[in-house]
Amino acid sequence: MSVLPPLPGCGELATIRIEVYGGGGLDAAAYACAWHAASIVATIEAAGWSACPAPRVPESGRPCGHVYRYPTGGLADPPGDTHPRWCDRDGCAARRRHRSTRLPLTPRSPAPSAGPPAAEDPPTGAPTAKGPAFEAPTTEAAADVALAQATVPGAGPVLVVAVGGAEPGELMLTLDQGRVLSYRLRRLLDLAAATHARRAGPGVRPRNRRGCP
């Protein structure tokens, strides 16, 4: 009982802290959103550990699926362990690289409405301004992002963006490139929000042309 299997987290902000106990005391703390709490508890208990959920997360910013291993617990890294702290420890030798939990980039679909369609909504299949029975795309390509690091000596961590879950669909970025990308994405999202506000109608004050927050 020295290994905790990968947990079915989604990477969203955790709202539940799950204490993991072995034979001697508190060994680790897992974090989950309300959606994945039950499956994470089941995974931990199936591996032979005790899981005690607490509906409170004292450490902010922990993602769903994250596990903190206490240095004095039964899940602590053994001396000489070569896995990075963020590694999921799943198939590293076969992949020839360490990898963190894969965080999805596809937003979770909202629950479908159970009520009747609103009066202003056109019926399904009705003609619209764009032509008869126009249908917008309803699916998005599955995508996720994770940390990775080759198992060769001296290798450093990189960001891996995977589309469709296939190895050929991966894009690797250095950590510095990832930081720059996060700035560029914020810039583009701000521009998109400003454009949407200008189209919202009269009385909406547009943002300045430079897009400064």
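Helices (H or I, at least four residues) and strands (E, at least two) are DSSP runs, numbered from the N terminus. By this rule the protein chain has 3 helices and 9 strands. Along the sequence they follow the pattern β-β-α-β-β-α-β-β-β-β-β-α.

The structure is a predicted model, in which local features need pLDDT of at least 70 and side-chain atom pairs count only at pLDDT 80 or more, while totals for chains, interfaces and linings use all residues. Residues are numbered from 1 along each chain as its sequence is written, and side-chain values use heavy atoms, with hydrogens and water left out.

A residue is called buried under 20% relative accessible area, exposed over 50%, and partly exposed in between (1.4 Å probe, protein chains only). Of the 213 residues in the protein chain, 24% are buried.

Trp35 sits in the loop between β2 (26-32) and α1 (37-46). Trp35 counts as exposed because its relative accessible area is 62%. The C-alpha atom of Trp35 is separated by 9.8 Å from that of Ala14, and the two residues are 21 apart along the chain.

Arg96 belongs to the loop between α2 (92-95) and β5. Most residues other than glycine have a negative phi. Arg96 has a positive phi of about 60° although it is not a glycine. Arg96 is exposed, because its relative accessible area is 65%.

**Salt bridges**

Side chains of opposite charge can pair when their charged atoms come close. A salt bridge is defined here as a side-chain nitrogen of Lys or Arg within 4 Å of a carboxyl oxygen of Asp or Glu. The count by this rule is 3 salt bridges, and the table gives them.

| Salt bridge | Closest N to O distance |
|---|---|
| Arg17 and Glu19 | 2.9 Å |
| Arg97 and Glu170 | 2.9 Å |

Arg97 and Glu170 form a salt bridge. This pair links distant parts of the chain, with Arg97 in strand β5 and Glu170 in strand β9 (residues 170-173), 73 residues apart. Arg97 is buried because its relative accessible area is 10%, whereas Glu170, at 23%, is partly exposed.

Arg179 and Asp176 both lie in helix α3, 3 residues apart, which is about one turn of the helix. Arg179 has 44% relative accessibility and so counts as partly exposed. Asp176, at 53%, counts as exposed. In the remaining pair, Arg17 has 10% relative accessibility and is therefore buried.

**Cavity and pocket**

A cavity is a set of points where a 1.4 Å probe fits but cannot get out, and a pocket is an open set with protein on both sides within 12 Å along at least five of seven lines. Lining residues have an atom within 4 Å of a point. Grid points are joined across faces, edges and corners, and a volume is the space filled by probe spheres set on the points.

The count comes to 1 cavity of 30 Å³ or more. The largest cavity holds about 40 Å³ of space. Its lining includes Arg97 and Glu170, together with Arg99, Arg102, Asp144, Val145, Ala146, Val160 and Ala162. The elements giving two or more residues to this lining are β5 (97-99), β7 (143-150) and β8 (158-163). The largest share, 3 residues, comes from β7.

For residue classes, Ala, Val, Leu, Ile, Met, Phe, Trp, Tyr, Cys and Pro count as nonpolar, Asp, Glu, Lys and Arg as charged, and the others, Gly among them, as polar. The lining of the largest cavity has 4 nonpolar, no polar and 5 charged residues.

The largest pocket has a volume of about 500 Å³. Its lining is made of 24 residues, and those nearest its centre are Gly65, His66, Trp86, Ser100 and Thr101. Both β4 (67-69) and β7 supply at least two residues of this lining. By class, the lining of the largest pocket has 15 nonpolar, 4 polar and 5 charged residues.
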